Amino acid sequence: MTDEALNTPAEPSTEPSETPLEELVGEWLTVPDVAERLGVPLSAVRRMIEDRELLAARLGERRVVHVPARFLDEKAMPHLKGTFTVLTDGGMDDEEILRWLFTPDDTLPVEGAPVDALASGFKTEVRRRAMETAI
């Protein structure tokens, strides 16, 4: 095996996007912003991230923890945790999961990305595609 092969990270064949994650997701919230929006203590938000009810990424120069704003309304979207589990079980890391959820897909039953389909009630369709993608 060559040195180049050892140093090249494996990329999922369905995610060729070079768009920075920050741009792909769009609006992000810090942990204090999430706590304020949900009306819960900071520790509850941290626990939601730890329990994988929400996914977060470290962004910016100071690497502050941020959550995609799209994951929240009055509460965290209820179908996220199971979808995260399906994609994680299929070998995706958190960044790959975020990319998959926020990459627009014209074949979905609603306009937008898988996260939009989840918000519109297409949990089964999104998870079916997640299982196919993660194989």
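## The sheet

In this predicted model, 3 strands make up an open sheet with the order β1-β3-β2 and antiparallel pairing, where strands (E, at least two residues) and helices (H or I, at least four residues) are DSSP runs numbered from the N terminus, and two strands pair if DSSP finds at least two bridges between them. The edges are formed by β1 (28-30) and β2 (57-59), each of which pairs on one side only. Neighbouring strands are turned on average by 55° against each other, with direction ignored; the axes are lines fitted to C-alpha atoms, for helices over the stretch in contact, and angles run from 0 to 180 degrees between N-to-C directions.

Between β1 and β3 (residues 64-68), the antiparallel pairing extends over 3 bridges, and Leu-29 stands opposite Val-67 of β3.

## Helix α3 against the sheet

Helix α3 (residues 31-38) lies across β1 and β3 and runs at about 95° to β1. Its buried residues (under 20% relative accessible area with a 1.4 Å probe, protein chains only; exposed is over 50% and partly exposed lies in between) are Val-31, Val-34, Ala-35 and Leu-38. Viewed down the axis of α3, these buried residues fall within an arc of 100°, so they line one face of the helix, the arc being that of the directions from the helix axis to the C-beta atoms.

Among the elements that cover the buried residues of α3 are β1, α4 (42-50) and β3, with contact meaning heavy atoms within 4.5 Å. Just after α3, Gly-39 adopts a positive phi of about 70°.

Leaving aside residues up to four places away in sequence, Leu-54 touches Val-34, Met-48, Ile-49, Val-67, Phe-71, Leu-72, Ala-76, Leu-80 and Phe-84.

## Positive phi in the loops

Arg-52, in the loop between α4 and β2, has a positive phi of about 60° although it is not a glycine, and it counts as partly exposed at 25% relative accessibility. Arg-63, in the loop between β2 and β3, is another residue other than glycine with a positive phi, near 55°, and it is partly exposed with a relative accessible area of 47%.

## Basis of the values

Residues are numbered from 1 along each chain as its sequence is written, and side-chain values use heavy atoms, with hydrogens and water left out. Because the model is predicted, local features need pLDDT of at least 70 and side-chain atom pairs count only at pLDDT 80 or more, while totals for chains, interfaces and linings use all residues.
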